Amino acid sequence: MKKFKSALFLVIICFISSPGFSQHKQEKLRVFIIGNSFSQNAATYLPQLAKEKGFNLELGRAELGGCSLQRHWEIVEAHENDPADPMGKQYGGKSLKTLLKNGVWDVVTIQQYSLLSGDINTYKPYASKLYEYVKAIQPNAKIVVHQTWAYRSDAKNFGKIDGEKRAETDKEMWQKSRAAYHTIAKELNAKVIPTGDAFWNVVSDRKWAFKKDPTITSSSFIYPKVQNEALSLHVGSKWDKDKKLVVDYNHASEAGCYLGSLVWFGFLFDESPKKINFKPQEVSEKFAKKLKTAAKNSLSDEVYFIKN
């Protein structure tokens, strides 16, 4: 009997501390994202993953490319000062208030612009102001912080960490941004979606990390020559339809979008990403397996969750 009670106690504790928000698949989980292109990347495949496992998910979005917490708040202020001001209606011609008032949202996410993610000063006071604004409109919503990722190791520049000072490596950018995100999350008593940690889990793995071909430089790229970027979590280099070389070491590739979506799926539904069958065509079976493991590992440590 004592063993049974102990086991039951553990089950209850696990259930209470679970990061998942939707306990019943038939119940719709409504998630509203306040972000930018990085949140678009990270949630790219989230609807497909939720559907595969029978979860009812609805997404709302207030996303603008390169948008910082400060800019999101300035848009809010413009609307509050003058509801007719187009500066306050930059989300497809609508205000953040209008979008947030569209029914009841269960979860609302916020994040910093990746360039500023390593500088804690850029979060203040905008993160707390947005938090309070969302709570005033959706008092029962769980507000969570989405941790973005560091740029690729061969990027020409990394994110800012103190004013105009930039991180010198992708590792430093990850460390500084991670510290900033967790500091803000703790101040807000919010949970963290650890996408940035999942990215680092992969790029710091010698076997799976993308390795730049030292024989290829920007001047040596001649159409249709490309380096092997199958293991890159970032877009990297590719040719556009006009045979012009496009380089992007910041945004997520298909593999990166898949990894981000796996993290979001596991976080929101408290289900192991390793159970997912879907993968993008561009991602190999072996790499997909690694990404699913990385996503699960990023969610397994209690340090990633600030208990509400």
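Visitor: At what relative accessibility does Glu 80 count as partly exposed?

Guide: This is a predicted model, in which local features need pLDDT of at least 70, side-chain atom pairs count only at pLDDT 80 or more, and totals for chains, interfaces and linings use all residues. Residues are numbered from 1 along each chain as its sequence is written, and side-chain values use heavy atoms, with hydrogens and water left out. Partly exposed lies between buried (under 20% relative accessible area) and exposed (over 50%), for a 1.4 Å probe and protein chains only. Glu 80 counts as partly exposed because its relative accessibility is 38%.

Visitor: Which residue forms a salt bridge with Glu 80?

Guide: A salt bridge is a side-chain nitrogen of Lys or Arg within 4 Å of a carboxyl oxygen of Asp or Glu. For Glu 80, the closest N and O atoms of the pair are 2.9 Å apart, and the partner is Lys 97. Glu 80 is in helix 4 (residues 69–81) and its partner is in helix 5 (residues 96–100), 17 residues apart; helices (H or I, at least four residues) and strands (E, at least two) are DSSP runs, numbered from the N terminus.

Visitor: How many residues apart are Lys 124 and Glu 187?

Guide: The side chains of Lys 124 and Glu 187 meet in a salt bridge, 3.3 Å from N to O. Lys 124 sits in the loop between strand 3 and helix 6 (126–137), and Glu 187 in helix 7 (residues 170–188), so that the pair links distant parts of the chain. Their separation is 63 residues.

Visitor: Is Lys 290 buried or exposed?

Guide: Lys 290 forms a salt bridge with Asp 205, with 3.0 Å between the closest N and O atoms. The two are 85 residues apart: Lys 290 is in helix 10 (residues 285–300), and Asp 205 is in the loop between helix 8 (195–203) and strand 8 (234–239). Asp 205 is partly exposed at 22%. The relative accessible area of Lys 290 is 14%, so Lys 290 is buried.

Visitor: Why are helix 8 and helix 10 described as they are, and what is the word for it?

Guide: Their axes are 8 Å apart and they pack at an angle of about 130°. Residues in contact (heavy atoms within 4.5 Å) include Asp 197 and Ala 198 of helix 8 and Phe 287 and Lys 290 of helix 10. Angles under 35 degrees count as roughly parallel, over 145 as roughly antiparallel, 65 to 115 as roughly perpendicular and the rest as oblique. Helix 8 and helix 10 are therefore oblique.

Visitor: Which residue stands opposite Phe 32?

Guide: Phe 32 has its counterpart in strand 3. Strand 1 (residues 28–35) has 7 of its 8 residues buried, and 3 bridges join strand 1 to strand 3 (residues 107–110), which run parallel. On strand 2 (residues 56–63), strand 1 pairs over 8 bridges, also in the parallel sense; two strands pair if DSSP finds at least two bridges between them. The residue opposite Phe 32 is Val 108.

Visitor: Which strands are the edge strands of the open sheet?

Guide: The sheet has 5 strands in the order 2-1-3-4-7, with parallel pairing. An edge strand here pairs on one side only; these are strand 2 and strand 7 (191–193).

Methods:
Axes fitted to C-alpha atoms, helices over the stretch in contact; angles between N-to-C directions.
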